[in-house]
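Try each task yourself before you read the solution.

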Amino acid sequence: MSIQKTLACSFLIVLPIWLWFSWPLPKQVLSDIPAGFACAERQHSREMIPGDHLQLLYRLWLGRDMIEGHTPWFHDLYQFNTGRDEDRFEPDPNFFFFTVLFSLGSWAVNDAFGYNAAGFVSVWLSYFFVWLLVRRYVDNPWVAGLTALIGVVLPYRWIPFLGGSTTGPDMMFVPALCLGLDLAVRENRKGGAALAGAALLLSGWSDTHVFFFSMLLTPAWCLVAAFGRRPFPWAQPRDVWKTVRAFWPFAVFAVGVALTVYVTQHNLKGARMAGGRSMHEVMLNSPEWTSFFLWADDDRGAQIYVGIFLVALLGAGWLASVVRVWRDRREGWRPFVVLTCLGLGLGL
C-alpha cells in the first residue's frame, strides 16, 4: 500500500473514532472547544470555563498574532506586563507546529475550528505514523492498520488532548520519532533520520514532558530497531559505519534540540521548577499502579489505563515468540528480543 493510500485510509478510519470519542464536539466544532474528557454537562456549552484549554487557546492565538505581525516575535505582551514591553521577551517556539495548524484553520473559518482542526490532525497523524511503523514488522498492511488502532483509542491519547494539555496533541511526534529511527537504523535511510530529528525537535517546541521521554526513548528504540534488522548490523563493521553516516540529518536537528534545552533551562532560572520535583511530590501526583488494569473515574488514573486484555495479548505474543525461538533458533530470536525489549520498556 502506498504512502498516499495509507494517509487517505487513515483519515477515513480516524474520522469516526474522533466523532465518537469527542462527541458532542463535532456538532459544535465551529463554536466550541473541549474543556475536558469527562464533562458532566455533555449537552450544554459554557463560556470561559477556567482550565488548560483556555491557556492553550491563548498561546495558539498569540502565535498566530505574531505571524500576522500584530505582536512582536517572541513577546507575550498580555500577561504580567508592567508597562515595559521589552521585559516581556520570551524566546519560546510557542507550539510552532500546532500554531501553524491553528492559524490555517482560523484563517479559513474561525478560532474554534482552528483549535479543533489542529487537535484532529494530531490524532490523524498519530494513527498514520503508528500504522507505518507497525507495517514494517508485519506482512499484511491491514493487520498493521488494525493493530495501530490500539495507539489511537487508549485513554492517554484523549484525556490530555480534550483537557487542553499540550501533551495530548504532542503525542503524534512519538510514533514519528520511532518510525524515523527505524528507517535510519534498519535501512540506513537519511530521510528517516531527518524525520526522527524533526519529530524530536518539534516535540521540544510543544511539550517538555513528551520531549523528555522522547529523549529517553531515542536510544532504546535504536536498539530495538537494530535487533529487527537483517542482516544483524554488528555482523559487519562496514554496516555499522553506513548506519552512523545515515544519521547526519539527525545530528543537524540535534543542534536545535540542544538550543531548545538551553533556552528552556535558562528561562527556568530562579523558578521553583529549576530545582526539579521531589520524589514525594512525584508520588502525590502519580496514579496508582492498579490503574493500568482497572478503570478509575479520575483523569489521573484513567489516562494510564491499558486494560487486562491488552496486557494478556502482549503476553501471548511473547510466549509465541518463545515457541518460535525453539523451532527456529537462527531467525526466531529477533522477534523474541524485540518483544522482550518492548515489554521491559513498558514495565519500566
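**Exercise 1. Find how the side chains of D182 and R136 meet, and say where the two residues sit.**

Step 1. In this predicted model, the side chains of D182 and R136 meet in a salt bridge, with N and O 2.6 Å apart. A salt bridge is a side-chain nitrogen of Lys or Arg within 4 Å of a carboxyl oxygen of Asp or Glu. Side chains of opposite charge can pair when their charged atoms come close.

Step 2. Now place the partners: D182 belongs to helix α9 (residues 173-187), while R136 is in the loop between α4 (111-135) and α5 (141-148). The pair links distant parts of the chain, 46 residues apart. Helices are DSSP runs of H or I with at least four residues, strands are runs of E with at least two, and both are numbered from the N terminus.

Step 3. Check the burial: D182 and R136 are both buried. Buried means under 20% relative accessible area, exposed means over 50%, and partly exposed is in between (1.4 Å probe, protein chains only).

A note on the ground rules: residues are numbered from 1 along each chain as its sequence is written, and side-chain values use heavy atoms, with hydrogens and water left out. As the model is predicted, local features need pLDDT of at least 70 and side-chain atom pairs count only at pLDDT 80 or more, while totals for chains, interfaces and linings use all residues.

**Exercise 2. Follow the salt bridges of R136 and E187, and name the network of linked residues.**

Step 1. R136 also meets E187 in a salt bridge, at 3.0 Å from N to O. This pair, too, links distant parts of the chain: E187 is in helix α9, 51 residues apart from R136 in its loop.

Step 2. Move on from E187: it forms a salt bridge with R189, with the closest N and O atoms 2.7 Å apart.

Step 3. The structure holds 7 salt bridges.

**Exercise 3. Describe how α9 packs against α11.**

Step 1. Start with the geometry: α9 and helix α11 (residues 208-227) pack at an angle of about 30°, and their axes are 9 Å apart. Axes are lines fitted to C-alpha atoms, for helices over the stretch in contact, and angles run from 0 to 180 degrees between N-to-C directions.

Step 2. Classify the angle: α9 and α11 are therefore roughly parallel to each other. Angles under 35 degrees count as roughly parallel, over 145 as roughly antiparallel, 65 to 115 as roughly perpendicular and the rest as oblique.

Step 3. Look at the residues: among those in α9 that meet α11 are L177, L181 and D182, and the α11 side includes L217 and W221. The residues of this contact divide into 11 nonpolar, 2 polar and 2 charged. Contact means heavy atoms within 4.5 Å. Ala, Val, Leu, Ile, Met, Phe, Trp, Tyr, Cys and Pro count as nonpolar, Asp, Glu, Lys and Arg as charged, and the others, Gly among them, as polar.

**Exercise 4. Work out how α10 packs against α11, then look at S203.**

Step 1. Helix α10 (residues 190-204) and α11 pack at an angle of about 150°, with their axes 8 Å apart. The two helices, α10 and α11, are therefore roughly antiparallel.

Step 2. List the partners: L200, S203 and G204 in α10 meet V210, F211, S214, M215 and T218 in α11. By class, this contact has 4 nonpolar, 4 polar and no charged residues.

Step 3. Focus on S203 in helix α10. Its relative accessible area is 1%, so S203 is buried. Leaving aside neighbours within four places in sequence, S203 is in contact with D170, F173, V210, F211 and S214.

**Exercise 5. Say how many helices and strands the protein chain has, and what share of its residues is buried.**

Step 1. The protein chain has 17 helices and 0 strands.

Step 2. Of the 348 residues in the protein chain, 40% are buried.
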